[in-house]
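Please look over the sequence and the structure shown below before reading on.

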Amino acid sequence: MKKNVLVIFGGRSVEHDISVITGVQIINSVDAARYNVYPIYTTAEGEWFFSEDFYDINKLKDFDKTAKNVIRVGLVSGQKGLFKLKRKTLKKLCEIDCALFAVHGGSGENGALQGLFECLDIPYTSPGVLFSAVCMDKIITKKVLIASGLNTIDYSYILPSDLTTGRKHCIKKVRDVLEFPIIIKPSNLGSSIGISVCENDNQLWEGISVAAEFDRRILCERALVDMTEVNISVMGDEEKVRLSKLESPEHYSKFLTFEQKYLVNKKSQRKPAQVSDEQKEYIESSARKIWELLGGRGVIRIDYMIDNSSGKVFVNEVNTIPGSLSNYLWKKDGISGFELTGSLIETAICSKQKDNELNKVFSSNVLQNFREGAKALKK
């Protein structure tokens, strides 16, 4: 019997459009002979819709929720089904065997969506709540990596309390730690949105102001003048892990911009990474360490930076739902889209079964004996 799989994409995020691209790619990469696919488009307003027409990206470019084949859907507490929502009635469309997440950024990648499916006891393909939450916030990621003994680029950060204090304070906080050039990033964002490279105090404040339009937590890092970026993908679960080959995206500016990532010919952007044996060993061993420490599951991509002047390797970012689910990296190992999505689905289902074998109920007589405390609350 074929399993029912939701492919969820879109979402309330500045990376919404990139998620739509990933979602449609993934929908068309799921083996229809093994799985019934239910494409679920989440609008920027947070509404969920299902349509078999979502296999075609043209149906999403000018999305019309009133279109004939579009159905508003939702989930119900205590149920493992997808429900059609119409006026005040609910009708189950299907039981859900697994959800395949293709949401980038926002509540789709920060652990919130993962927490929802944990509460519903429905398998899903991305890393769990802890992994997702830690790696979504670049400041927290830095602190975890450093505590784990891994190399990260020198940094400072701006918090909401700093922003209320003003320009002079923010500049001093950053400049007490870092020399120019400095790169500014929203702490909870991806796709190179809201990033600036600063060469002086005026540019630094301008960069902080730009980043603050997207996030109230801002990461400031020493910008490597001469560097090489290296990407690796990791796939599997907490017991089994597989590493992809290494690649380097080409840069045409001081950092890989949104335009370079998504608006130019991608075939010219990727090339095999040229690294030493020592650098390769560090990248692979640290990728395994991150995966095992945070309890990896699904597929992720970790971005590294190599300082070409010293040869030192730094962990830059961990993407828990990477664009195209890093399919382009796994193709180099001969893994097709059918194989990638099939592996993610079966791994998610297996992991949920193992998780449910744990004892999650503890019987006691605490409630029966809780009398005096209940009376005290009434006083």
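The structure discussed here is a predicted model, and in it S343 belongs to helix α13. Between S343 and E357 there are 14 residues of sequence separation, and their C-alpha atoms are 21 Å apart in space.

## Two nonpolar cores

The largest nonpolar core has 47 residues, and those with the most contacts inside it are I8, F9 and F117. Helix α13 (337–356) is one of the elements that supply at least two residues each to this core, and others among them are the strands β1 (3–10), β2 (35–42), β3 (48–50) and β7 (98–101), together with the helices α1 (16–27) and α4 (112–120).

If neighbours within four places in sequence are left aside, F117 is in contact with I8, W48, L75, A99, F101, I122 and Y124. Apart from this core lies another one, of 23 residues, which includes V230, I302, V313 and V318.

Helix α11 runs over residues 277–294, has 18 residues and spans 26 Å from its first C-alpha to its last, which is close to the 26 Å expected at 1.5 Å a residue. Buried in α11 are Q279, I283, E284, S286, A287, I290, W291 and L294. Seen down the axis of α11, these buried residues fall within an arc of 165°, so they line one face of the helix. An α-helix has 3.6 residues a turn, so residues three or four places apart point the same way.

The cover over the buried residues of α11 includes the helices α5 (129–136) and α6 (138–147) as well as the strands β12 (227–236), β13 (241–243), β16 (298–307) and β17 (313–319). On the face turned away from the buried side, α11 carries the exposed residues D277, E278, E292 and L293. Just after α11 comes G295, which takes a positive phi of about 75°.

## An open sheet of four strands

Four strands form an open sheet in the order β8-β11-β9-β10, with antiparallel pairing. The edges are held by β8 (155–158) and β10 (196–198), each of which has a single partner strand, so one side of each is left without a neighbour in the sheet. On average, neighbouring strands of this sheet are turned by 25° against each other, direction ignored.

Strand β8 is joined by four bridges to β11 (residues 218–222), and the two run antiparallel; within this pairing, the bridge partner of Y157 is L219 in β11. Helix α8 (residues 167–175) lies across β8, β9 (182–186) and β11, and α8 runs at about 160° to β8. In the loop between α8 and β9 is P181, and the peptide bond from F180 to P181 is cis, with omega near 0°.

Strands β4 (residues 71–74) and β5 (residues 81–86) run antiparallel and are joined by two bridges, with G74 having F83 in β5 as its bridge partner. The hairpin of β4 and β5 has six residues between the strands, and G78 in this hairpin takes a positive phi near 80°.

Strand β5 is also joined to β6 (residues 89–95), through six bridges, and these two strands run antiparallel. K86 stands opposite T89 in β6. The hairpin formed by β5 and β6 has two residues between the strands, and R87 in its turn has a positive phi of about 55°.

Terms used. Residues numbered from 1 in each chain as written. Predicted model: local features only at pLDDT ≥ 70, side-chain atom pairs only at ≥ 80, totals over all residues. Heavy atoms only, no water. Expected span 1.5 Å × (residues − 1). Buried < 20%, exposed > 50% of the residue type's maximum accessible area, 1.4 Å probe, protein only. Arc of directions from axis to C-beta. Contact = heavy atoms within 4.5 Å. Core = buried A, V, L, I, M, F, W, Y, C linked by side-chain atoms within 4.5 Å. Pairing = 2+ DSSP bridges. Axes fitted to C-alpha atoms, helices over the stretch in contact; angles between N-to-C directions.
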